[in-house]
Amino acid sequence: MDDVTAMRQALDLAGAAAADGDVPVGAVVIDADGVVIGRGRNTRERDADPTGHAEVVALREAAAARGEWRLEGCTLVVTLEPCTMCAGAVVASRVARLVFGAFDDKAGAVGSLWDVVRDRRLNHRPEVASGVLAAESAALLRSFFDAHR
């Protein structure tokens, strides 16, 4: 599965999060064969869970599908640049690639404010591709926040 197709699936999940009143962020984990093994969307509001970020939810589902926490050879595709918690989860889960859409100038930890996943002091550094369907991701977020102001 290519990055754009995967990002479209993540955008669909982001829309579902918005429908529940959560910030519209969606994520999918793709295995080395191109199969989606994890899906996630923000669930903080729905579940009253501060760790209910799309990335964490998708990584948990992928780990359960594999029966192990190491997600070597997998790609995490997410609509918004991960925060520090999620960037740490990316490193800890050993995903091979991280693909994201819009940059997050307020909380981004993959180049905007910090660059956790490329920190040479850590034991794992995934490949990063940014800006995939960024305009669509940003528009979804803008629309959500405009409606909540």
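Start by selecting helix α3, residues 54-66: at 1.5 Å a residue its 13 residues should span 18 Å, and its end C-alpha atoms are 18 Å apart, which agrees. The expected span of a helix is 1.5 Å times one less than its number of residues. Helices (H or I, at least four residues) and strands (E, at least two) are DSSP runs, numbered from the N terminus.

Before going on, note that this is a predicted model, in which local features need pLDDT of at least 70, side-chain atom pairs count only at pLDDT 80 or more, and totals for chains, interfaces and linings use all residues. Residues are numbered from 1 along each chain as its sequence is written, and side-chain values use heavy atoms, with hydrogens and water left out.

**Stop 1: α3 and its surroundings**

Stay on α3 and colour A54, E55, V56, A58, L59, A62 and A63, which are buried. Buried means under 20% relative accessible area, exposed over 50%, and partly exposed in between (1.4 Å probe, protein chains only). Now show β1 (26-30), β2 (36-41), β3 and α4, against which the buried residues of α3 pack. Contact here means heavy atoms within 4.5 Å. Just after α3, select G67, which takes a positive phi of about 75°.

**Stop 2: α4 and the residue after it**

Move to α4 (84-93). Its buried residues are C86, A87, V90, V91 and S93, and they pack against α3, β3 and β4.

Pick out S93, which belongs to helix α4. Which residues does S93 contact, leaving aside its neighbours within four places in sequence? They are L59, W69, R70, L71 and E72. S93 has a relative accessible area of 7%, so it counts as buried.

Next select R94, which follows α4 and sits in the loop between that helix and β4 (97-102). Most residues other than glycine have a negative phi. R94 is not a glycine, yet its phi is positive, about 65°. Not counting residues up to four places away in sequence, R94 touches W69, R70, L71, E72, N123 and H124. For a distance to check in the viewer, take the C-alpha atoms of R94 and T75: they are separated by 9.7 Å and lie 19 residues apart along the chain.

**Stop 3: the way into α5**

Go to the loop between β5 (127-130) and α5, where L133 is placed. L133 also has a positive phi, about 50°, although it is not a glycine. Is L133 buried or exposed? It is buried, with a relative accessible area of 14%.

Select A134 next, in helix α5. At 24% relative accessibility, A134 counts as partly exposed. Its contacts, leaving aside neighbours within four places in sequence, are G101 and A102. The C-alpha atoms of A134 and G101 are separated by 4.2 Å, although the two residues are 33 apart along the chain.

**Stop 4: along α5**

The buried residues of α5 are S137, L141 and F144. Seen down the axis of α5, these buried residues fall within an arc of 60°, so they line one face of the helix. The arc is that of the directions from the helix axis to the C-beta atoms. An α-helix has 3.6 residues a turn, so residues three or four places apart point the same way.

Turn to the other side of α5 to find A135, R142 and A147, which are exposed. What covers the buried residues includes α1 (3-19), β3 (75-80) and β4.

Zoom in on S137, which is found in α5 and is buried, with a relative accessible area of 2%. Not counting residues up to four places away in sequence, S137 touches M7, L11, T79, G101 and A102.

**Stop 5: the largest pocket**

Finish with V23, L80, D104, L141 and F145, which lie nearest the centre of the largest pocket among its 23 lining residues. On a 1 Å grid over the protein atoms alone, a pocket is an open set of points where a 1.4 Å probe fits, with protein on both sides within 12 Å along at least five of seven lines; lining residues have an atom within 4 Å of a point.

The volume of the largest pocket is about 600 Å³. Grid points are joined across faces, edges and corners, and a volume is the space filled by probe spheres set on the points.

Which helix gives the most to this lining? It is α5 (residues 134-147), with five residues. By class, the lining has 12 nonpolar, two polar and nine charged residues. Ala, Val, Leu, Ile, Met, Phe, Trp, Tyr, Cys and Pro count as nonpolar, Asp, Glu, Lys and Arg as charged, and the others, Gly among them, as polar.
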